[in-house]
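Thanks for coming. I have one structure to show, and I will talk about how its parts touch each other.

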There are 2 protein chains.
Amino acid sequence: MDKAVVAVDLGGTKIYTALAGADGRVLAEVLVPTRPWEGVDAVIGRIVGTVDQVLERAGKGGRPAALGIGCPGPLDAASGLVHHAPNLDWHDVPLKDLLEKRLGIPVAVDNDANLAALGEYVYGAGRGEKDMVYITVSTGIGGGLILDGRLYHGAGFGAGEIGHMTIDPGGPRCNCGNSGCLEAMASGTAMAREARLLIESGRGRAILEAAGGDVCAVTAREVARAAAGGDDEARQIIINAGRALGTGVANVINLLNPALVVLGGGAMQVGPLIWETMEEEISRRALAAARRRVRLVPAELGPRSGLMGAVALALQKSGGIFRSGMV
Amino acid sequence: MDKAVVAVDLGGTKIYTALAGADGRVLAEVLVPTRPWEGVDAVIGRIVGTVDQVLERAGKGGRPAALGIGCPGPLDAASGLVHHAPNLDWHDVPLKDLLEKRLGIPVAVDNDANLAALGEYVYGAGRGEKDMVYITVSTGIGGGLILDGRLYHGAGFGAGEIGHMTIDPGGPRCNCGNSGCLEAMASGTAMAREARLLIESGRGRAILEAAGGDVCAVTAREVARAAAGGDDEARQIIINAGRALGTGVANVINLLNPALVVLGGGAMQVGPLIWETMEEEISRRALAAARRRVRLVPAELGPRSGLMGAVALALQKSGGIFRSGMV
């Protein structure tokens with residue numbers, strides 16, 4: 001088979017696998033549940049199963065040239081060892097070795113945020129730029145850095161933790177133990193927390209109504225719905241998140257002077273208000289020259305960004321050239 | 001002449017020029033005043049004069065292979081155009097072209113903070129690491145980034161502006177127009193400002209005494225002296241600066257996962273308290289894995305870091321190999 005590769009986006013709930021040609025075009029794809037509680041071997045077996053399925057669906061025989069896989073981290077992208085993946089309940093799993101043994105083809109591993117960045121860079125909103133920051137605003141906030149045309153990993157494969165940048169030293173507690181992290185102030189989880197606090201203090205009527213009267217059902221989506229209906233309390237929650245996000249993005253712009261910041265993730269869908277507020281805050285806090293140089297754009301690949309990054313990684317591993325200048 | 005190069009560190013008050021061998025060893029150096037008020041041509045002439053002087057002092061004939069020069073920015077390191085250097089009162093000065101015309105040798109230009117980073121990387125505290133962040137804490141706060149073994153410039157040659165990262169959105173006003181920038185909270189200027197505010201409010205006796213009773217003579221040095229004498233108010237000013245610095249450095253550690261952070265600049269000399277407080281705050285705010293991976297070390301080259309970076313730049317320009325892996 002001429003240089004087709006397999007890409008896998010491994011998450012806590014689902015395994016998303018694709019077969020792609022040397023041009024990056026997806027030939028077949030399949031989605032199966034992860035079921036991490038069945039153990040590492042079962043998950044590995046299920047990944048191997050999806051490889052057979054995409055080959056079959058595409059009507060291809062033979063072996064693919066390589067496999068690229070994105071996995072929640074932290075992990076060592078060189079050895080392919082997953083140090084700790086809470087969603088999978090994995091500790092020190094040699095993902096690369098296990099898959100290479102089962103499949104007999106070269107395997108490359110990277111973390112999911114890095115591959116989402118790579119996916120947008122090669123096939124999405126980042127095409128044509130060589131200094132790009134990718135930020136995903138979802139239940140958490142993560143990111144990946146393309147610097148001088150290459151995915152930048154840092155000394156311990158931990159670069160890109162934009163969500164744990166301190167935005168306000170006196171801000172709310174974060175899951176990481178720190179306080180005032182961007183993630184604790186602008187993620188979907190943070191917006192939901194603020195809405196619930198509001199409701200518990202006897203306010204936030206419109207948000208509670210949007211959640212059918214069940215405070216436990218309040219997520220960023222209900223905040224978005226109330227805000228779309230003109231509710232000021234919901235709008236203020238989104239404005240606060242947008243401001244924190246803008247402060248964080250301005251910090252990254254001042255530090256890295258990127259040509260492009262690509263923003264994705266479900267929590268960016270709460271409405272245009274979060275984007276507008278973010279832009280205002282960036283204009284306030286970024287240095288003028290760096291602000292002029294940078295474009296802020298939404299991600300283009302949606303839930304497929306990580307998968308397409310795994311395609312790019314697999315093509316790189318197979319020796320295919322998927323973009324001039326990439327290493 | 002076999003591959004000797006000239007390095008220049010151009011500042012608002014002095015021109016510091018060295019002749020160095022292909023191994024980076026300095027053969028001769030000279031320091032002359034800049035006198036920017038005499039105009040661009042006069043300053044260029046004075047730089048050219050220092051080149052003749054170092055050649056003469058070293059007893060060398062012929063022409064050096066290249067010249068590297070560090071200049072306050074912002075500037076375009078590719079074309080060698082200095083957009084704006086307030087200390088020199090320069091606007092759009094084609095520094096590279098002007099020097100090449102006068103000297104007839106290849107000239108490379110970069111900003112002073114980047115060259116200080118490069119100097120520490122090649123000849124100082126950064127030897128042996130390929131992901132290094134350099135931070136200088138002085139009247140302002142600047143920095144330079146060595147990422148994957150290369151000086152990282154960003155899309156508009158503006159990367160490394162660590163001093164303008166927002167540390168506290170409600171913090172004091174910064175010269176850049178923003179509020180709560182690291183520079184406005186942890187620079188020598190910031191410490192002096194806090195001390196003067198204290199004195200103007202009728203406190204800060206020990207600091208005022210250290211300044212001979214003249215509030216206008218208060219700088220970070222007088223704060224340091226009072227703190228060394230055990231004064232609690234002075235100590236608190238240094239502690240606050242150290243905390244802000246630690247927050248900023250933690251942000252950079254989380255974002256870039258460097259192996260090394262090198263800290264230099266005069267304001268780091270206010271005593272061990274600033275370093276200790278910074279380390280505490282970093283341990284509080286940096287992600288555990290990234291914190292474990294990074295070493296925090298003082299700069300080794302002091303006021304020569306920029307000059308030595310210019311040596312490295314000149315050797316690079318001349319085609320000399322000054323460190324394996326450098327590009």
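Between chain B and chain A there are 30 residue pairs in polar contact, both residues of each pair at pLDDT 80 or more. A polar contact here is a pair of N or O atoms within 3.5 Å; within protein, one must be able to donate a hydrogen and the other to accept it, and residues adjacent in sequence count only if both atoms are side-chain atoms. This is a predicted model, in which local features need pLDDT of at least 70 and side-chain atom pairs count only at pLDDT 80 or more, while totals for chains, interfaces and linings use all residues. Residues are numbered from 1 along each chain as its sequence is written, chains are lettered from A and ligands numbered from 1 in the order in which they are written, and side-chain values use heavy atoms, with hydrogens and water left out.

Salt bridges between chain B and chain A come to 0, taking a side-chain nitrogen of Lys or Arg within 4 Å of a carboxyl oxygen of Asp or Glu.

Which elements of chain B give two or more residues to the side that touches chain A? They are β10 (141-147), β11 (150-152), α8 (232-256) and α9 (272-285). Helices (H or I, at least four residues) and strands (E, at least two) are DSSP runs, numbered from the N terminus. The most comes from α8(B), with 6 residues. By type, that side of chain B has 17 nonpolar, 13 polar and 8 charged residues. Ala, Val, Leu, Ile, Met, Phe, Trp, Tyr, Cys and Pro count as nonpolar, Asp, Glu, Lys and Arg as charged, and the others, Gly among them, as polar.

Now the area. Chain B and chain A bury about 3,200 Å² between them, with 53% from carbon and sulfur atoms; that is the accessible area (1.4 Å probe) that two parts lose on being put together, summed over both. On the chain B side, B:Y152, B:L255 and B:R285 supply 22% of the area buried against chain A, more than any other three residues.

Next, inside chain A. Contact, meaning heavy atoms within 4.5 Å, takes 7 residues from domain 1 and 5 residues from domain 2 of chain A. The two domains bury about 380 Å², 46% of it on carbon and sulfur atoms. Between them there are 0 salt bridges and 1 residue pair in polar contact, both at pLDDT 80 or more. On the domain 1 side, β5 (75-76) and β8 (107-111) of chain A each give two or more residues.
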